[in-house]
Amino acid sequence: VQLAELCKAMLQTGITPDFITVDGGEGGTGAAPPEFSDRVGMPLLQGLSMTHALLVGAGLRDRVKIIASGKILTGFSIVEAMAIGADVTNSARAMLFALGCIQALKCNTNKCPTGITTLDPRLMNGLVVPDKAERVYRYHQKTVHVALEIIGALGLDSPNLVRPEHIMNTGDYGEILTLSKVYPHLNIQSGALLENQGEASVLKLWNAARV
């Protein structure tokens, strides 16, 4: 509802942000309590799809970019997020792994054994920047390369052309569904909410929003 209220405020004021970052509950830090990491927050794909649908339905999508974050680890996860509406993807945990993170869960103690999340000079010596920089660079390069290979395998010339119907998923009963079937609200037409139209779940949020 809060996002729907934000969209209505954009329409009323004519002011829009350059971008909105949707950070899924899958992400997090080793400093977080395990229950928070495991149970708190909406999954990225659900939050991303609803954000995209609300912006499209409000006629605002061409004015606001969407950045997706939350366990973006592979080339496919980049393509999947873009199919659902992301313009850009962020990756944090994967880059930490490339940097040498071993998930010691000591991020908040200043005792990270790999030297990544510490200011202890003795431990920081374990982070050899020239070596780790090359690892991070190569991981990023290869991941983006694989994402582009998947885009090409779909028969597309650009990542901007990937759509929900290009990606298949398995439903609750084993049936094969496209993401446009898994998230039917993605089929909303531009400006539909302004005419009180659109998929029921999006329309419910829109009508519940107050500004």
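This is a predicted model: local features need pLDDT of at least 70, side-chain atom pairs count only at pLDDT 80 or more; totals for chains, interfaces and linings use all residues.
Ala-147 itself belongs to helix α7, which covers residues 129–153. With a relative accessibility of 5%, Ala-147 counts as buried, because buried means under 20%. Another pair to look for is Ala-147 and Pro-159: their C-alpha atoms are 8.6 Å apart in space, and the two are 12 residues apart in sequence.

Now let us turn to Ser-77. Ser-77 lies in helix α4, made up of residues 75–84. Its relative accessibility is 12%, so Ser-77 is counted as buried too. Not counting residues up to four places away in sequence, Ser-77 touches Lys-71 and Ile-72.

Here are the two residues, one per row:

| Residue | Relative accessibility | Class |
|---|---|---|
| Ala-147 | 5% relative accessibility | buried |
| Ser-77 | 12% relative accessibility | buried |

Helix α3 is the last stop on this tour. It runs over residues 44–57, which gives it 14 residues. From its first C-alpha to its last, helix α3 reaches 20 Å, close to the 20 Å expected at 1.5 Å a residue. How many of the residues of α3 are buried? The count is 13 of the 14, so α3 is largely enclosed by the rest of the structure. After α3 comes Gly-59, and the phi of Gly-59 is positive, near 75°.

Note on methods:
Residues are numbered from 1 along each chain as its sequence is written. Side-chain values use heavy atoms; hydrogens and water are left out. Helices (H or I, at least four residues) and strands (E, at least two) are DSSP runs, numbered from the N terminus. Buried means under 20% relative accessible area, exposed over 50%, partly exposed in between (1.4 Å probe, protein chains only). Contact means heavy atoms within 4.5 Å. The expected span of a helix is 1.5 Å times one less than its number of residues.
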